[in-house]
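Q: Please take a close look at the aromatic rings of this model. Which rings pair, and where do they lie?

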Amino acid sequence: HPGFSDISLTEAIAEIRKTDTIIQKLYDDSNVEWKHKFFRFPHGDKGDFLHGDLEKIPSEQGQLRKDAIQSYLKLLGYKQPNFSGVTNTYHRNMGILNDIDWRWTFDVIEYATLYDGKYELRTIDEVYKRLDSDHVERGQSINSTNTDEIILVHDMPETTEYFSEIIERLTAKNLQFTDVTAQDLVT
């Protein structure tokens, strides 16, 4: 799944439409109503960046593309779950609650173990250690009781062996897991 800044607006709309059609068919085939339509961009890339060698650079053209994609998601009936409990200033300043899609506030980054040196973390022990540290200035406040978190863990064959341990470590923090479909949705 490509980053949306790496593809054209036409390709981005086609990606969304194709995925939406597949999911709708699964619901239809199961005779179940699709009540809650949520969307997360691949890699968190909303289509509003130009890629530089070292960082993503916001662009005016990208902002127009992002706005068009957000409008298309709204047209298809996607909504953001109610994440009003995310009070971390870092994420609020990023505008995490301003769009139709949702974005995580904490990425476990277990996939870093697959890329030799691409990320700060190289081993699963470093990933586990990160679960116990906070860097509020970077939006990493998983151990804080002052804000809700949207935790991202990937379902990848290469990291399946770590999944249970990650969940056990998160559960040991006495985190309360919430079903976002039981909450009011942001309109």
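A: Trp34 and Tyr78 are both buried, where buried means under 20% relative accessible area, with exposed over 50% and partly exposed in between (1.4 Å probe, protein chains only). The model is predicted, so local features need pLDDT of at least 70 and side-chain atom pairs count only at pLDDT 80 or more, while totals for chains, interfaces and linings use all residues. Residues are numbered from 1 along each chain as its sequence is written, and side-chain values use heavy atoms, with hydrogens and water left out.

A pair of aromatic rings is described by the distance of the centres and the angle of the planes. Rings of Phe, Tyr and Trp (its six-membered ring) pair if their centres lie within 6.5 Å; planes under 30 degrees apart count as stacked, over 60 as edge-to-face and the rest as tilted. By this rule there are 6 aromatic pairs. Helices (H or I, at least four residues) and strands (E, at least two) are DSSP runs, numbered from the N terminus. Phe4 and Phe39 are both buried.

Trp34 and Tyr78 also form an edge-to-face pair, with 6.1 Å centre to centre and 90 degrees between the planes. Trp34 is in the loop between α1 and β1, and Tyr78 is in the loop between α2 (60-75) and β3 (80-81), 44 residues apart. One aromatic cluster is formed by Phe4, Tyr27, Trp34, Phe39, Phe41 and Tyr78.
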